[in-house]
There are 2 protein chains.
Amino acid sequence: MNTLAVTDGQVLRPDHSIERTDVLIDTDNGTIKQLGEFDGTADKQLDAAGGLVIPGLVNAHTHVAMTLFRGAADDKPLDAWLQEDIWPVEAELTGEDVRAGARLGIAEMIRSGTTAIADMYFFMPEVAAVVEEAGIRARLGHGCITVGKDDEAAHEDFEAGLAFAREYNNTADGRVKTLFTPHSLTTVDEQFYEEYIPKAHEAGIPVHIHANETPQEVEPLVDEYGKRPLEYADDLGVLTDATFLAHGVHVDETERKLLAGRGTSVVHCPASNMKLASGMAPIQKLHDAGVTVALGTDGAGSNNDLDMFDEMRDAAMIGKLAEDDASAVPADAVLEMATKAGAETLGFDSGRIEEGANADLAVLDLDSLHLTPQHDLVSHLVYAARGSDVRHTVCDGQVLMEDRELTTLSADDVMAEASEHATELFGRAE
Amino acid sequence: MNTLAVTDGQVLRPDHSIERTDVLIDTDNGTIKQLGEFDGTADKQLDAAGGLVIPGLVNAHTHVAMTLFRGAADDKPLDAWLQEDIWPVEAELTGEDVRAGARLGIAEMIRSGTTAIADMYFFMPEVAAVVEEAGIRARLGHGCITVGKDDEAAHEDFEAGLAFAREYNNTADGRVKTLFTPHSLTTVDEQFYEEYIPKAHEAGIPVHIHANETPQEVEPLVDEYGKRPLEYADDLGVLTDATFLAHGVHVDETERKLLAGRGTSVVHCPASNMKLASGMAPIQKLHDAGVTVALGTDGAGSNNDLDMFDEMRDAAMIGKLAEDDASAVPADAVLEMATKAGAETLGFDSGRIEEGANADLAVLDLDSLHLTPQHDLVSHLVYAARGSDVRHTVCDGQVLMEDRELTTLSADDVMAEASEHATELFGRAE
C-alpha cells in the first residue's frame, strides 16, 4: 500500500468539530485509511502545521469552460446577457477553446480548494480529458437544447448527450461520472423530456437541469400547463432522488414539498443569482422542508470567479436577506452545503474527513491576519476565508497542489493558453 | 526632493481608462508628481510589472478594533447581536485591547490595498497612535451615546468626543483628521444633538453617524416625531455637506432628495447589511438622486473581514437585487464608490491616480488564474479580484507593503498580540 500522510494540522470532522489529528491516506485506492497520530512511515508527507484540513469543496453547478467569458459582459439581465453576449460567442466555440477554458477553471478551483464539480456544457469529451489530466472528480453532462433547432438537429443534440453520458461514465479511474443534462424546462420541448428521460433513467444516468432560475422561466409554464414548473417536471418523470436542479430561486411551497418527497436536490448559486438579479432562493425554507441543498458557482461569466469560499459567504449573506432574519442559513448549514450535501448530490463518497471516505481534501493556512483571532473556525471558513488561503489540495489521494504550486497543470501555461483562446474566440464572434 | 517611482505597470486613471505609464511620487509631500515614462532616477523604485496601479481603496465606515470580535458571534440580528454579544464584551474593553485590535485591522487593510478609513469607536487616541505608526490615512471619531447613561455620564462622553476631535485633528502629518460621532439617531437623546452639533460645526469637525440601518431605527422616530429619521436629523442641523451617514438602508424618496440637497454622503456597508439582515440599501436610487455614496466594511464582527474588494463585489451584487435589475449599480459605479467618492466623503485629496493628488495607491497582481483572461480590468477589480491580489500598498508616498511584506507593522507580532488580547477580553467578559 502506498500512503500519504497529512500531518500536524487541525481537522474539520463531519460534525464540524475540530480535532488535532493526522490523516493517513491510502493512495492506491484514493481513500482515507486512518485518522490518528502519524507513526512516521508514509510514502509522502504533506505538512498541515498551522493549518486546517477540510473536505475538498464541491462545486455542484458550473460551466467550467466559461472562464473564457470572465468579465466580458457584466451588469446585464439573464435574457439579454445570454442572447446578446453569451450565445453569439458560444456559437463560435471550438473543442480547443473548451479545453483551454476548462483547464483555466479547474486550475482555479484546485487553487481554491475545490475537488469535485458538476459541469454542464459543450464539447464534453474535452472537459473529461481535462478532468482526467487535472486529477479532480466530476459529474459531466452535454447540455441539450431544442429551442432554435429543427427536430433533426434537436434529436442529434439529445443523442449526443446520451452517448456522452453512456460512454464517459466511470472513466478516469472512476473520477469522471456523467449526467444527462437537458438545459432547462423552457429551452427543451416537452416531447424531448418524454422521449429521453426514460432513456437516461434506464442507463442509470442522473439528470441535471436548470430550473426556476428567473420569473421568466416560471410564468410561461404556469400559463401553458396550469401548473408550477416543478410539477410539470415531475409529470415528465424528471424528479428522482438522483436528479439535481440548478438554481431553484423561484420555487413555491408546493414545489419545495415535491422536491423533498422525491429526494431531488437543489444547487444554490447565490453569486450568479445576485449578479443577474434573478432573485433570492428560499434556502432556509428548502432546508426546513427537508430538501438537500448543494452549492455552485455557476459559470465564471456570471460570478465572476470559481472560488467556493466566496460562494459560501454569499450563500450565508443572501440566505439571511431572503428570510429577513440574520439567524437564517447559518455558517454551519452553509459549510454542509459546500461539502457533505454537495458530495451527496453528485453521488461521490467525499465531502467529509472520515475513514473510508474518498481522500478529497484541502489544507487551509490559518496563520493570517484576516483569520485572526480564532474564536470559531467554522465561522472563519464561511465568512472570512478565501480561496487564496488554501495551501494544499488533494483529490482521490493525489496531491493536486502543494504549497500553492499546482502539480498536474502548469498555471503559466494554462493562463497563456486561455488568454489566447479567449482573444481568438471573441475576435471570431465579432 | 525625495522620490518614489512605481514602474512598468498599467494605471487605472480617474475616468477608469487603463494607461501604460509610470508614476513618480514626491515622497517629501506625499503627492503624485508626474505620470509618464520613468527616467531612471528615483530614490526608490517599486516594480509594478504585470500589475495594475489603482488608487488606495477607501473604507469609509468601520470600527477597526472590532477585529477582536471576528467570528465570535454570527448569525444573529443586529439588536440581539449588540445587546447579547457585543456590548457586554465592549464594556470590558481596555485601551490596550483597542490598540491590538486596531493594529490587526489596519494591517489587514494595508494587505488588501486600503489606504484611508473612517473609524468610530472608543479609546480613539490609541487608534490615532496606530494610524500614525501604520502610515495610513484616517478620519477618527469617539463614538458618543446617551442611551443607558445618566445626564452627567452622557455629557462626559460627549465632551470626550469633542475634545478628541479638537485635539487630534490634523495630527500625524495631516494623515489623521477627526470626526464628531454621535452613535445614531436612536441611541442619542435629542437634546445632545441640539447642544453638541453646533459645537462640532463651530470647530469645523465633520459629523458622522449611523442612520436608517434597520426598520427598528426608523419606526420609533416616525412614531415620536411624525417625520422620517433624516428629516428629524436635518431639523437638528446634522445634515451638511461635511456630514456622512453610515448605512442609509431604509431611506425613502423624501430622504434621498434631502440628502442630495444638503450634499450629505452615505456610506454603504453591504456585507454588514446582509449579514445582519438589515436590508438592501437603495444605492441605484441614491445615485440617481445625486447623493454621493461611499463604501465601508463596518466592523469585522459583522462582515467578517475588512477586505474592500469583497465589499465592492457585495455592493454590485446587492445593488442589483435591490432594484431587481442586473444593470443597476454597475462595476464602474462601484469602483468609484470605493475610490473617488470615498475620498471625497472623507475629505482627502486621494482616490485617484493623478498629478497633484495624494500618493495613496495599491498595485495589484494581474498574473493570476482568477483574473484571466483580461477582457475588462474594471470588471475584474469589482467582480473577481480580492485583497490577496495586492502586491504593494503606498500611502502618503510611503511604501506600507512591498511584495506582500508589511513595512510599518510586523504581521506576526500583530497576530500574536491580537489573539492574546481577544482571549483575555472574552475571558473577562464571561
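**A close look at one unit and its surroundings**

Author: In this predicted model, strand 14 of chain B, helix 8 (residues 253-262) of chain B and strand 15 of chain B make a right-handed β-α-β unit. The two strands of that unit, strand 14 and strand 15 (residues 265-268) of chain B, pair in the parallel sense over 3 bridges, and in strand 15 of chain B the residue Val267(B) is the bridge partner of Ala246(B).

Helix 15 (residues 411-429) of chain A has 19 residues and reaches 27 Å from its first C-alpha to its last, which is close to the 27 Å expected at 1.5 Å a residue. Its buried residues are Val414(A), Met415(A), Ala418(A), His421(A), Ala422(A), Leu425(A) and Phe426(A). Seen down the axis of helix 15 of chain A, these buried residues fall within an arc of 140°, so they line one face of the helix. The face turned away from the buried side of helix 15 of chain A carries the exposed residues Asp412(A), Asp413(A) and Thr423(A), while the cover over the buried residues includes helix 1 (78-90) and helix 2 (95-111) of chain A.

Helix 2 of chain A is also where Glu108(A) is found, and this residue is buried, with a relative accessible area of 4%. Leaving aside residues up to four places away in sequence, Glu108(A) touches Thr67(A), Arg70(A), Asp305(A), Leu306(A) and Asp307(A), and also Leu369(B) and His370(B).

Those last contacts bring us to how the chains are arranged. Chain B can be laid on chain A with an RMSD of 0.0 Å by a turn of 180° and a shift of 0.0 Å along the axis, and the two copies are thus related as by a two-fold rotation axis. In chain B, the C-alpha nearest that axis belongs to Ser388(B), 3.5 Å from it. The same surface serves both copies, in that 100% of the contact residues of chain B recur in chain A.

Notes
Residues are numbered from 1 along each chain as its sequence is written. Chains are lettered from A and ligands numbered from 1 in the order in which they are written. This is a predicted model: local features need pLDDT of at least 70, side-chain atom pairs count only at pLDDT 80 or more; totals for chains, interfaces and linings use all residues. Side-chain values use heavy atoms; hydrogens and water are left out. Copies are superposed by least squares on the C-alpha atoms of residues with pLDDT of at least 70 in both. Contact means heavy atoms within 4.5 Å. Helices (H or I, at least four residues) and strands (E, at least two) are DSSP runs, numbered from the N terminus. The expected span of a helix is 1.5 Å times one less than its number of residues. Buried means under 20% relative accessible area, exposed over 50%, partly exposed in between (1.4 Å probe, protein chains only). The arc is that of the directions from the helix axis to the C-beta atoms. Two strands pair if DSSP finds at least two bridges between them. A crossover is right-handed if, with the strands pointing away from the viewer, the path from the first strand over the helix to the second runs clockwise.
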